Amino acid sequence: MTEKEKMMAGELYKSWDEELTMERSRAKQLTYQLNQTKDTEDHYRKQLIHDLFGTIEGEIVLEPPFYCDYGYNLHVGDGFFANYNCVFLDVCEIRIGKRVLIGPNVQLYTATHPMDRETRASGLESGRPITIGDDVWIGGSAVINPGVTIGENVVVGAGAVVTKDVPPNVFVAGNPAKEIRKVD
């Protein structure tokens, strides 16, 4: 397997691989251009987002600044909205459903590092995908950790740190995030 194939499969991989380094550089160039756009450059902004993201279904809004590792692992549904200063570390896929609202400073991390010191010291890393269902609202400064699946119609409170899967139709908050109550 190539290092990219290992990365996409969630296996340990070398992030310093030449192909991955070039792909991260491409994403940095596109996000730099995106983050320099003016509000009046909506068409150009949309083109940059389409060039960066893997899949976009329908209309979306992304408020710069925005940061990601690769971009091609980002898949969003119609009605997606992300507010200012979001960071999506997309070494694995991030799949986001329809009508998802993401507050400012939200961070989605698929990237992770080994727990044992020796492997971590080798520089190898891995990732686990994130899936977010339809009609989800993620409050500002929330963190979604590697491997988390968030069910549909979930509200994630501002500042929450989501470390495990969230079932549909609930409000979660806190660090680590816990179910507070059901939502309609």
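User: How far apart are the mean positions of the positive and negative charges in the protein chain?

Analyst: This is a predicted model, in which local features need pLDDT of at least 70, side-chain atom pairs count only at pLDDT 80 or more, and totals for chains, interfaces and linings use all residues. Residues are numbered from 1 along each chain as its sequence is written, and side-chain values use heavy atoms, with hydrogens and water left out. Lys and Arg count as positive and Asp and Glu as negative, while His and the chain ends are not counted. Each charge is placed at NZ of Lys, CZ of Arg, CG of Asp or CD of Glu. Here the mean positions of the 19 positive and 27 negative charges are 5 Å apart.

User: What does the radius of gyration say about the protein chain?

Analyst: The radius is taken over C-alpha atoms, and the globule rule is 2.2 Å times the number of residues to the power 0.38. For 184 residues a compact globule would have a value near 16 Å, and the protein chain agrees with 16 Å. Its C-alpha atoms fill a box of roughly 45 × 45 × 25 Å along the principal axes.

User: Which residues have the most contacts inside the largest nonpolar core?

Analyst: A nonpolar core is a set of buried Ala, Val, Leu, Ile, Met, Phe, Trp, Tyr and Cys residues joined through side-chain atoms within 4.5 Å. Buried means under 20% relative accessible area, exposed over 50%, and partly exposed in between (1.4 Å probe, protein chains only). The largest core has 40 residues, and those with the most contacts inside it are Phe66, Phe88, Ile96, Ile102, Ile138 and Ile150. A second, separate core of 5 residues includes Met7, Tyr13, Leu20 and Val91. Buried residues make up 43% of the 184 residues in the protein chain.

User: Is serine 141, with its positive phi, buried or partly exposed?

Analyst: Serine 141 has phi near 65 degrees and counts as partly exposed because its relative accessibility is 38%.
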